[in-house]
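Please consider the following model together with its sequence.

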Amino acid sequence: MSTPSVTDEVRSALAENRPVVALESTILSHGLPPGRNREVAERLEGVVRAAGAVPATIAVLGGVPKIGLTPAELDHVCDPANDLVKLSRRDLGAAYALKRDGATTVASTAALAHAAGIGVFATGGLGGVHRGARETWDVSADLDVLATTPVLVVCSGVKSILDMGATLELLETRSVPVIGFGTDRFPAFYRRESEFGVPWRVDSAAGAAAVVAAHRTVPGVAGVLLANPIPVEFEMDADLHERLLSEGLELLRERNVQGKEVTPVLLEHFHTASGGVSLDANEALVVSNASLAASVAVELAS
């Protein structure tokens with residue numbers, strides 16, 4: 001077993017029961033272009049601190065799980081020349097043993113955060129059930145990890161490439177509560193609303209914290225999903241979104257892209273074909289989620 005390396009800042013906050021928010025590293029290494037990814041890393045940690053919590057960006061470097069990254073380690077994660085492997089929870093053991101550098105997904109970040117004693121995690125979008133899963137069985141590990149890991153995950157729903165209805169059904173089957181933040185509709189990442197409703201709604205960080213605290217007294221080990229719509233001023237135009245999605249799905253079919261490569265290929269198409277609109281949207285929603293997660297973490301700590 002590889003012993004996690006925890007920064008002094010995060011270790012002190014956990015020891016003193018101060019609020020900590022976990023942040024993933026895959027968005028930095030695989031979701032944003034070089035240069036901008038490092039700026040976003042700084043911005044994410046900054047908004048968490050501004051809300052009164054301590055950020056803990058998570059990655060695996062040299063086979064060692066890192067809970068909180070130094071500025072030099074953030075530089076390393078954001079440098080494409082270092083070619084970090086995309087690590088889900090299933091990949092952690094191999095990365096430890098082979099002393100690899102890897103960026104953590106929602107599944108692995110949630111697992112490592114929980115193991116370190118961190119109960120709140122902010123990300124962009126959750127993985128889910130892929131279209132055509134009846135034939136491919138392509139279902140993100142994010143869902144199973146959320147069902148078995150008592151962490152609050154704050155996200156902007158799931159990307160529209162996924163089978164959103166099946167994703168929500170699976171979350172219900174696994175007893176994961178889905179809470180809409182200021183919304184009665186489940187967000188669709190670049191779009192504020194989908195056709196699907198959410199079973200519960202809260203309109204404040206205090207309300208969200210109350211639900212999470214109460215859920216943690218319920219038998220079981222499931223986490224909680226807090227769905228936070230993209231800020232209204234950054235929502236992608238509906239027609240542009242539908243065109244990019246249609247093109248992206250066709251691109252995946254042409255290249256026979258499957259599994260964990262689907263999201264990076266789709267994001268790259270959105271970023272390139274939208275003239276930067278999707279990049280601005282992606283940054284805005286993950287920053288909004290980090291800020292909200294920090295506010296909820298502060299309420300939980302108090």
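Two residues are said to be in contact when heavy atoms of each lie within 4.5 Å. The model discussed here is predicted.

Under that definition, and leaving aside neighbours within four places in sequence, leucine 226 is in contact with Leu152, Val153, Val154, Cys155, Ile179, Phe181, Val202, Ala208, Leu292 and Val296. Leu226 belongs to the largest nonpolar core, which has 103 residues. Together with Val21, Leu126, Leu171, Phe186 and Leu225, Leu226 is among those that touch the most other members of this core. Helix H13 (residues 277-301) gives the most to the core, with 11 residues.

An unreviewed entry lists Lys86, Val106, Ser140, Ala141 and Asp142 under "binding site". These positions are spread over 57 residues of sequence, yet they cluster in space, with a largest C-alpha distance of 13.4 Å. Lys86, Val106, Ser140, Ala141 and Asp142 are included in the lining of the largest pocket.

Two of these positions may be examined individually. Lysine 86 is found in strand E5 (residues 85-87). Its relative accessible area is 14%, which is under 20%, and lysine 86 therefore counts as buried. Serine 140 lies in the loop between helix H7 (133-136) and helix H8 (141-148). Serine 140 is likewise buried, because its relative accessibility is 17%. Beyond its neighbours within four places in sequence, serine 140 is in contact with Gly127 and Gly128.

Threonine 7 occupies the loop between strand E1 (5-6) and helix H1 (8-15). With a relative accessible area of 18%, threonine 7 is buried. Leaving aside neighbours within four places in sequence, threonine 7 is in contact with Ile67, Gly68 and Leu69.

Technical notes:
Residues numbered from 1 in each chain as written. Predicted model: local features only at pLDDT ≥ 70, side-chain atom pairs only at ≥ 80, totals over all residues. Heavy atoms only, no water. Helix = DSSP H or I, 4+ residues; strand = E, 2+ residues; numbered from the N terminus. Buried < 20%, exposed > 50% of the residue type's maximum accessible area, 1.4 Å probe, protein only. Core = buried A, V, L, I, M, F, W, Y, C linked by side-chain atoms within 4.5 Å. UniProt positions renumbered as here; feature names shortened; annotations may be inferred. 1 Å grid on protein atoms, 1.4 Å probe; cavity = no way out; pocket = protein on both sides within 12 Å on 5 of 7 lines; lining within 4 Å.
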